[in-house]
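Hi,

Here is the structure I said I would pass on. Have a look at it first, then read my notes below.

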Amino acid sequence: MIDIIYLTYKINNLKYSLPALKYLNYNFNLIIHNDNPEIELTKEWLLENCELDEIKYNTLTILNESENVGMLFSRINSFNSVENSEYTMFMDDDDYLLVRDLPEFDDHSWYRYNIVGVKAIDELTREEYNYTPRIHFGITASFWKSSLLKETFKWIEHNPFKSKINMLEDFTIQQISQAVAIKKGYKYLSHLNILGMVYTIYNTQEKYSHIKDPRYCKEKSDYVKELHTYIANLRLKILNS
């Protein structure tokens with residue numbers, strides 16, 4: 001069994017991304033985490049707007065946060081709120097899942113299998129959405145061993161720096177999970193791993209390049225350096241444990 005965890009803040013995105021699940025040819029539990037405290041997500045709304053009645057899930061869990069917790073703890077809280085299946089897949093509300101069948105897991109020494117099978121949903125106008133292909137570097141649309149994710153999240157939760165992580169959240173999860181996997185002797189099956197690291201750093205630089213205020217740019221640059229130091233130290237701590 002696989003847990004598919006959808007994270008949402010702009011719940012209208014689910015109207016266009018969630019129906020992709022009706023084409024899946026394997027059993028899964030569906031967990032939807034809403035990080036927008038101003039809106040309560042309900043099963044009735046999903047039935048009315050997201051073709052939920054056509055999605056062949058095993059169980060449905062809807063989680064509504066009372067306050068905005070951000071991307072990192074949306075992933076951690078939703079994962080910790082359910083009795084995990086053997087595998088977990090994260091999806092964001094602007095991800096449209098393309099791969100309908102399970103891959104053949106011939107080698108059970110892996111801990112993450114990246115199927116790179118998503119499209120991004122781009123809002124063209126207020127009335128119209130369009131599916132556009134994109135290179136996928138995030139942690140979504142991957143089959144994760146839940147046991148390894150659980151240990152990864154424990155390492156992150158039990159460190160004081162966790163409260164400062166407000167960007168590069170997925171990069172943090174990638175790096176810490178790799179260290180946990182190395183410690184356990186697992187493999188990481190994703191040909192985009194190194195490219196993803198480079199893309200993440202480049203994308204962060206591009207994101208703030210248009211801002212002219214040098215103090216703001218320096219603040220973000222210093223934060224990225226601090227986060228990379230935190231990740232490096234935590235990886236060493238895990239590998240030496």
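To start with the overall picture, 49% of the 241 residues in the protein are buried. Keep in mind that this is a predicted model. There are seven helices and ten strands in the protein. If you take the contacts with a separation of 6 or more, 78% of them are between residues 24 or more positions apart. As for the surface, the protein exposes about 12700 Å², and carbon and sulfur atoms supply 49% of that.

Now for the inside. The largest nonpolar core has 35 residues, and Phe 153, Ile 156, Leu 227 and Tyr 230 are the ones with the most contacts inside it. Which elements give two or more residues to this core? They are strand 1 (2-8), helix 3, helix 4 (146-157), helix 5 and helix 7 (214-239). Helix 7 gives the largest share, seven residues.

Leaving aside its neighbours within four places in sequence, Ile 156 is in contact with Leu 72, Ile 76, Lys 162, Thr 172, Ile 173, Ile 176 and Tyr 230. Apart from this core lies another one, of 26 residues, including Ile 2, Phe 28, Trp 45 and Ala 141.

How do helix 3 and helix 5 sit relative to each other? The axes of helix 3 (residues 70-80) and helix 5 (residues 169-184) come within 8 Å and cross at roughly 50°. That angle falls between the cut-offs of 35 degrees for roughly parallel and 65 for roughly perpendicular, so the two helices are oblique to each other. Where they meet, helix 3 brings Met 71, Leu 72 and Arg 75, and helix 5 brings Glu 169, Asp 170 and Ile 173. The residues of this contact divide into three nonpolar, no polar and three charged.

Last, two residues with positive phi. Glu 51, in the loop between helix 2 (43-49) and strand 3, has phi near 60° even though it is not a glycine. Ala 141 is not a glycine either, and its phi is about 55°; look for Ala 141 in the loop between strand 8 (129-133) and strand 9 (142-145). Glu 51 is partly exposed, with a relative accessible area of 30%, whereas Ala 141 is buried, at 0%.

Cheers

Key: Residues are numbered from 1 along each chain as its sequence is written. This is a predicted model: local features need pLDDT of at least 70, side-chain atom pairs count only at pLDDT 80 or more; totals for chains, interfaces and linings use all residues. Side-chain values use heavy atoms; hydrogens and water are left out. Axes are lines fitted to C-alpha atoms, for helices over the stretch in contact, and angles run from 0 to 180 degrees between N-to-C directions. Helices (H or I, at least four residues) and strands (E, at least two) are DSSP runs, numbered from the N terminus. Angles under 35 degrees count as roughly parallel, over 145 as roughly antiparallel, 65 to 115 as roughly perpendicular and the rest as oblique. Contact means heavy atoms within 4.5 Å. Ala, Val, Leu, Ile, Met, Phe, Trp, Tyr, Cys and Pro count as nonpolar, Asp, Glu, Lys and Arg as charged, and the others, Gly among them, as polar. Buried means under 20% relative accessible area, exposed over 50%, partly exposed in between (1.4 Å probe, protein chains only). Accessible areas come from the Shrake-Rupley method with a 1.4 Å probe; for residues, only the protein chains shown count as cover. A nonpolar core is a set of buried Ala, Val, Leu, Ile, Met, Phe, Trp, Tyr and Cys residues joined through side-chain atoms within 4.5 Å.
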